[in-house]
Amino acid sequence: FGPKDICAVCRALGVNTTLTSLDLSGSQFDDISIASLGKLLRENRILTSLGLRFCMIGKEILNEVCSALRVNTTLTSLDLSRGNFDDQSIASLVTMLRENKVLTSLTLRRCGLSVNGLCEICNALGVNTALSSLNLSENMFDEQSIACLVQLLTNNKTLEDLTLFGCDLNDDALGPLVKSIEHSKLKKIYLNWNEFTKRGIIAFTSVLKNHPTLTTVMVEEWKDDAY
């Protein structure tokens, strides 16, 4: 979709009373279409799912969407994958996550999040009481951001589904993660495409086999041709 198409869709959904899912992935936004989407999210009381993958989301659209979601009372699923988020642009996302009590699923796959950005998001979700599914795949973690993730898993009591495909995690990350996961409410965790050895995986899964809520663990040994 182009900007005019987005505006037309948003106008139509302003009076629609049945559509619950909107996928604008790959669309091109301008200032007017960004404002139209923001207006829709503020006023619509039916929409529960919004997809904005591959939209080259920058500061302007992220600010508008997150500002709208601070008052939206129905949207439960948001996919912003392949956005282009710097530390300044995620400020509105962090504020929204601290205040929103409705959103239950957030996907931020390959958004170029920095170490600071990952930590800010994890810190915000530490006090969030609604989100149950989080996908941070293909954002690169280091020791500092892993520590923030550990703190999130320790503090958050609602997160049930965590996806971390291709996050540059290695065996050194497994120890801290295991300790935090042991005391979490997670039901599913996905860790494929990381740099784990067979030895690390065995140690990881053996500790979690008696976890009271965990039902699904996806993890694999790293191979140079894994991609």
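**Notebook: strands, helices and selected residues**

I began with Thr-107, which I located in strand S4, residues 105-107. For helices (H or I, at least four residues) and strands (E, at least two), I took DSSP runs, numbered from the N terminus. I noted that the model is predicted, that local features need pLDDT of at least 70, that side-chain atom pairs count only at pLDDT 80 or more, and that totals for chains, interfaces and linings use all residues. Residues are numbered from 1 along each chain as its sequence is written, and side-chain values use heavy atoms, with hydrogens and water left out.

**Entry on Thr-107**

I looked up the relative accessible area of Thr-107 and found 16%, so this residue is buried. Buried means under 20% relative accessible area, exposed over 50%, and partly exposed in between, with a 1.4 Å probe and protein chains only. I then listed what Thr-107 touches, leaving aside residues up to four places away in sequence: Leu-78, Asp-79, Leu-80, Ser-81 and Asn-135. Contact here means heavy atoms within 4.5 Å.

**Entry on the sheet**

I traced an open sheet of eight strands with parallel pairing, in the order S1-S2-S3-S4-S5-S6-S7-S8. Its edge strands, each pairing on one side only, are S1 (21-23) and S8 (216-218). I recorded an average twist of 0 degrees from one strand to the next. Two strands pair if DSSP finds at least two bridges between them. For S7 (residues 188-190) and S8, which run parallel, I found three bridges. Lys-188 has Thr-216 of S8 as its bridge partner.

**Entry on the whole chain**

I counted eight helices and eight strands in the protein chain. The radius of gyration is 18 Å, close to the 17 Å that the globule rule gives for 227 residues, so the chain is as compact as a globular protein of that length. That radius is taken over C-alpha atoms, and the rule is 2.2 Å times the number of residues to the power 0.38. Along the principal axes, the C-alpha atoms fill a box of roughly 55 × 35 × 30 Å. I noted that 48% of the 227 residues count as buried. Of the contacts with a separation of 6 or more, 85% come from residues 24 or more positions apart.

**Entry on the helices**

I compared the axes of H7 (residues 171-182) and H8 (residues 198-208), which come within 10 Å and cross at roughly 5 degrees. That makes H7 roughly parallel to H8; angles under 35 degrees count as such, over 145 as roughly antiparallel, 65 to 115 as roughly perpendicular and the rest as oblique. Axes are lines fitted to C-alpha atoms, for helices over the stretch in contact, and angles run from 0 to 180 degrees between N-to-C directions. From H7, the contact includes Leu-174, Val-178 and Ile-181, and from H8 it includes Ile-201, Phe-204 and Leu-208.

In H5 (residues 115-125) I listed buried residues, among them Leu-118, Cys-119, Ile-121, Cys-122 and Leu-125. The buried residues of H5 pack against H4 (91-99), S5 (133-135) and H6 (143-155).

**Entry on single residues**

I placed Asp-172 in H7 and found it exposed, at 67% relative accessibility. The C-alpha atoms of Asp-172 and Glu-143 are 8.8 Å apart.

I looked up two residues other than glycine with positive phi: Glu-138, near 60 degrees, and Trp-193, near 65 degrees. Glu-138 is in the loop between S5 and H6 and is buried, at 16% relative accessibility. Trp-193 lies in the loop between S7 and H8 and is partly exposed, at 30%.
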